[in-house]
Amino acid sequence: MSCMRIFHSDDHRGHAGAMEMRYDRLIPMCESPDRIDTILAALRDQGHVDLALASSFGLEPVLRVHTPAFVDFLQRCWPLWEAEFGPGGFATAYMFGMRGMDQVPNGSVHSMLSCYTFDVCVPFVAGTWTAIRSAVDVTLSAASHVAGGGRSAFALCRPPGHHASSDLAGGYCYVNNAAVAAQMLLDRGASRIAILDVDYHHGNGTQRIFYDRNDVLYASIHATPEREYPFLLGYAHETGAGKGQGFNFNQPLPLGTAIDSYRPALAAALERVRAHAPDVLIVSLGVDSYIRDPVGGFALESDDFLTLGGDIATLPMPTLFVMEGGYAIEELGRNTANVITGFAQRRE
Ligand SMILES: [Zn+2]
């Protein structure tokens, strides 16, 4: 089995301890530090031992994708909140800037949260900003490995990124790690990038960031927005705008989708990626399509993730996996490692 280098960091750990709304309940946040621990353990179990700590890349690559005001908000949100409410607890929006309201924040942290977040699933605690930066650094370290000739790499990062757009955080996502990596690869000389998003949810942030561009293909397989978060985006008729027309490829699937009907959709997405002929394929890797995921509604089994990884490996270009969702903590490690193992075995 060929060895894939896995990039990680411990600096995500402080992003913990917050609660989240799950429809009718307030529950401990599903997007937790033990996600990374269980994945690392499973990767080692399956023989993936080429581990590397992330290097620091600074904020410049982030500012190629996100607005300065938004990044400033991410950095200052917790300190501003703490100054008002004291330590402990977590910062979250109380209302959102909607139609007919100004979308310009004033000096209060509440107005910033109203303008720069779109749901109640992006809490801020003392360690959130450090974790956001670590996720970017992990992803860019892995991207650099691929840019430097590595055939593949895995960015084992959290918090995830694909719901975040240039100036909006939501759905556990603050900075769009995969998008920042795509832009850095282009800035370093790549002509075309493809982002294949296999997370159970539509990556509304990634779609929006590249919607009018033809240098980054976005192909996503996800639960239909008619039934699932993010509800307002992810339909098949969203195919791109302007010169980006034809470079956004959504395949919404019904709840309950199992591997038999998932795999043809994956094949169609891979075909589009192949036609785009990217210099690098970035896989937004969510395994919340697992049948027992508490946040998901598909029916993929653990062994199906070996198939998924193997199918992705039929494409020839260098491939960067970026961790997104997956919350069934008992099986999260095995499911994620299965994708990496399935890929590595097929590439051998
Ligand atoms: Zn997800």
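This is a predicted model: local features need pLDDT of at least 70, side-chain atom pairs count only at pLDDT 80 or more; totals for chains, interfaces and linings use all residues.
Two packed helices are described by the angle between their axes and the distance between the axes. For H9 (residues 304-312) and H10 (residues 329-347), the axes come within 6 Å and cross at roughly 40 degrees, which makes H9 oblique to H10. The crossing of H9 past H10 is right-handed.

On the H5 side, the contact is made by Ala135, Val136, Thr139, Leu140, Ala143, Ser144 and Ala147, and H6 brings in Asn177, Val180, Ala181, Met184 and Leu185. An α-helix has 3.6 residues a turn, so residues three or four places apart point the same way. By class, the H5 contact with H6 has nine nonpolar and three polar residues, with no charged ones.

Helix H4 (residues 109-116) is mostly covered, with seven of its eight residues buried. The buried set is Val109, Ser111, Met112, Leu113, Ser114, Cys115 and Tyr116. What these buried residues of H4 pack against is helix H3 (68-85).

Next comes the metal site. The zinc ion has Asp199 (OD), His201 (ND1) and Asp288 (OD) as its protein donors, at 2.0 to 2.1 Å. Read along the sequence, the donor residues follow the spacing D-x1-H-x86-D. Aspartate 199 sits in the loop between strand S6 (193-197) and helix H7 (204-210), while aspartate 288 sits in the loop between strand S9 (280-285) and H9, so the pair ties together parts that are 89 residues apart in sequence. Aspartate 199 and aspartate 288 are both buried.

The backbone has a few spots to look at as well. Most residues other than glycine have a negative phi, and most peptide bonds are trans. Among the exceptions is the peptide bond from arginine 158 to proline 159, which is cis with omega near -5 degrees; proline 159 belongs to the loop between strand S5 (152-155) and H6. Tyrosine 172 is also in the loop between S5 and H6. Its phi is near 70 degrees, a positive value in a residue other than glycine. Tyrosine 172 is buried, at a relative accessible area of 7%, under the 20% cut-off.

Another cis peptide bond links tyrosine 229 to proline 230, with omega about 5 degrees. Proline 230 lies in the loop between strand S7 (216-223) and strand S8 (248-253), and phenylalanine 231 is placed in the loop between S7 and S8 too. Although not a glycine, phenylalanine 231 has a positive phi of about 60 degrees. Phenylalanine 231 is partly exposed, its relative accessible area being 34%.

Technical notes. Residues are numbered from 1 along each chain as its sequence is written. Side-chain values use heavy atoms; hydrogens and water are left out. Axes are lines fitted to C-alpha atoms, for helices over the stretch in contact, and angles run from 0 to 180 degrees between N-to-C directions. Helices (H or I, at least four residues) and strands (E, at least two) are DSSP runs, numbered from the N terminus. Angles under 35 degrees count as roughly parallel, over 145 as roughly antiparallel, 65 to 115 as roughly perpendicular and the rest as oblique. A crossing is left-handed if the near helix is turned anticlockwise from the far one by less than a right angle, and right-handed if clockwise. Donors are N, O and S atoms within 2.8 Å of the metal (3.2 Å for Na, K and Ca); water is not among the atoms, so sites may look incomplete. Buried means under 20% relative accessible area, exposed over 50%, partly exposed in between (1.4 Å probe, protein chains only). Contact means heavy atoms within 4.5 Å. Ala, Val, Leu, Ile, Met, Phe, Trp, Tyr, Cys and Pro count as nonpolar, Asp, Glu, Lys and Arg as charged, and the others, Gly among them, as polar.
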